[in-house]
Amino acid sequence: MEKTESIKQFLKRNYVFLIAGVLILIWHTKMGVNLDSTWFSIQLDEKSYLEFLTERYQGWSSRLLIEMGLLFFTNHMILWRIVDVIIWIFLLYGVTKLINDDYSPRFAGVICLFFSCYLLMDMNSAGWTATINNYLWPLAFLVGFLLILKRIILGQEIKWYAGIAGIVLIFLACNHEQAAAAALGSAVCAVIYMVWKKVTISRWMWVYLALILANLIFILTCPGNAVRKELEISAYFKDYAELTLWNKLDMGVTPVCNYSVFQNHYIFLIFLALLCIAVWKIQMAKWKKFLALVPLAGALAARYLLNIVAIVFPGAANMKNPVSGKGTFEPGALWSVAAIAFYVLLMAVVLWEIFLVWKENTNSGMFLLAVLGIGFGTGFMMCFAPSIWVSGPRTYLYWQTALVIAAGYLWNWHMRKSDKKIMIIPIFILALHVLRLNTIYIFFTQYM
């Protein structure tokens with residue numbers, strides 16, 4: 001009887017993830033071996049695992065665990081679909097639990113809606129299996145590690161099996177460069193917070209830090225990564241060596257801003273709206289509250305009204321263009337100066353809003369700054385890693401997830417019930433819109 005009751009309680013709390021799992025499973029019936037995934041599927045015809053991985057380590061990549069998985073799963077697609085659906089559900093669950101251990105079914109649904117605003121075509125840019133295994137899987141493993149890290153931060157006991165699970169998750173996540181950087185940033189932030197709060201630092205924390213650093217050293221010393229960097233510089237960045245520090249900083253910052261403002265994703269807009277609401281609830285001068293509207297109003301105007309501005313100032317339309325290898329700035333181009341000024345203003349006001357939240361609630365401000373800083377850093381690091389930069393929009397998955405976590409945190413801890421009732425309507429509409437686009441793409445347009 002007790003077992004039956006516990007199953008009912010589990011289903012009552014987690015039915016949203018089960019519904020999401022059904023939809024994701026339906027999508028997976030149309031996710032086949034394509035693009036780069038096809039190449040991986042034939043590599044074992046003439047080579048062993050060891051021969052292939054040795055060649056890749058020497059001539060292309062340090063992602064040996066990821067690519068070993070690709071060799072296997074591209075030849076066992078039914079199993080891949082099952083495992084991948086489980087990992088997608090775990091990612092949704094992990095982010096929800098990361099924000100609130102005692103999450104409600106409604107809050108789980110909100111997190112699923114946030115993630116539903118992500119365009120899945122980014123996860124097919126190198127083939128479904130290749131892209132998802134390279135980006136989404138390490139992200140899910142990273143979130144699993146962050147759940148253990150959260151327990152350490154709160155001073156909770158880490159059982160031996162949870163400690164070992166953390167080690168496994170680090171190796172699986174940190175085989176990807178962006179996940180490794182995010183793991184290091186998270187661990188460092190955790191240590192700083194625990195020192196500040198005088199929380200006893202678990203021995204597991206030092207083990208994890210050492211393993212993350214070891215993985216980063218492995219990545220940085222891999223001869224294949226150096227070869228790949230040179231090959232892609234010669235193909236896409238022939239003048240990379242001549243770029244100034246300003247060019248590289250531009251190339252690191254403005255593409256993330258361009259992607260957030262102008263691409264057909266809505267997570268950034270949702271985050272800006274929730275941050276604005278959180279700031280408006282703080283007691284302060286009205287002009288400050290209206291200033292807090294600037295990021296959201298500016299992002300909406302840039303995305304939807306720029307074509308009108310371009311009638312008078314034709315160069316303004318260039319702001320929507322993908323950022324080049326040299327960044328946004330172009331000597332003599334007024335529109336590029338205006339674009340950079342807009343991005344700087346946008347980031348400055350967002351940081352100011354986070355500072356206001358920080359003054360109101362120190363833990364909230366620190367959490368938001370850490371999450372967004374680490375997420376933004378996974379995009380910014382591409383200015384020093386051209387081989388990642390050329391991978392395109394899929395590399396912003398970590399930044400998008402950071403926005404989901406930040407938005408979910410604001411929703412859970414800084415929204416009144418009345419705020420939630422108002423905001424859930426546009427969020428639900430946006431989620432349905434993107435879900436429709438994702439379904440159409442997966443079923444009808446991906447092979448066109």
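## Burial and the model

A residue counts as buried when its relative accessible area is under 20%. Phe 342, with a relative accessible area of 18%, is therefore buried. The structure described here is a predicted model.

## Helix 12 against helix 17

Phe 342 is one of the residues through which helix 17 touches helix 12. Helix 12 covers residues 245-262 and helix 17 covers residues 334-360; they pack with their axes 10 Å apart, at an angle of about 75°. Angles of 65 to 115 degrees count as roughly perpendicular, so helix 12 and helix 17 are roughly perpendicular to each other.

On the side of helix 12, the contact is made by Trp 246, Asp 250, Val 253, Thr 254, Cys 257, Asn 258, Val 261 and Phe 262. Helix 17 contributes Ile 340, Phe 342, Tyr 343, Leu 346 and Met 347. Sorted by class, the residues of this contact are ten nonpolar, two polar and one charged.

## Aromatic pairs

Across the whole structure, a search finds 24 aromatic pairs. One of them joins Phe 72 and Phe 73: the ring centres are 5.1 Å apart and the planes stand at 80°, so this pair is edge-to-face. Phe 72 is partly exposed, its relative accessible area being 29%, while Phe 73 counts as buried at 13% relative accessibility.

Phe 342 and Tyr 343 form a tilted aromatic pair, with 5.8 Å from centre to centre and 50° between the planes. Tyr 343 is buried, with a relative accessible area of 2%; Phe 342 is buried as well, at 18%. Elsewhere, Phe 17, Phe 90, Tyr 93 and Tyr 103 make up one aromatic cluster.

## Helix 6

Helix 6 runs over residues 105-116, which makes twelve residues. At 1.5 Å a residue, helix 6 should span 16 Å, and its end C-alpha atoms are 16 Å apart, so the two values agree.

Helix 6 is mostly covered, with ten of its twelve residues buried. The buried residues of helix 6 are Phe 107, Ala 108, Gly 109, Val 110, Ile 111, Cys 112, Leu 113, Phe 114, Phe 115 and Ser 116.

## Positive phi in two loops

Leu 35 lies in the loop between helix 1 (2-28) and helix 2 (36-41). Its phi is near 50°, a positive value in a residue other than glycine.

Lys 198 sits in the loop between helix 9 (177-197) and helix 10 (203-221). The phi of Lys 198 is also positive, near 60°, and Lys 198 is likewise a residue other than glycine. With a relative accessible area of 77%, Lys 198 is exposed.

Note on methods. Residues numbered from 1 in each chain as written. Predicted model: local features only at pLDDT ≥ 70, side-chain atom pairs only at ≥ 80, totals over all residues. Heavy atoms only, no water. Helix = DSSP H or I, 4+ residues; strand = E, 2+ residues; numbered from the N terminus. Expected span 1.5 Å × (residues − 1). Buried < 20%, exposed > 50% of the residue type's maximum accessible area, 1.4 Å probe, protein only. Axes fitted to C-alpha atoms, helices over the stretch in contact; angles between N-to-C directions. Parallel < 35°, antiparallel > 145°, perpendicular 65-115°, else oblique. Contact = heavy atoms within 4.5 Å. Nonpolar A, V, L, I, M, F, W, Y, C, P; charged D, E, K, R; others polar. Phe/Tyr/Trp six-rings, centres within 6.5 Å; stacked < 30°, edge-to-face > 60°.
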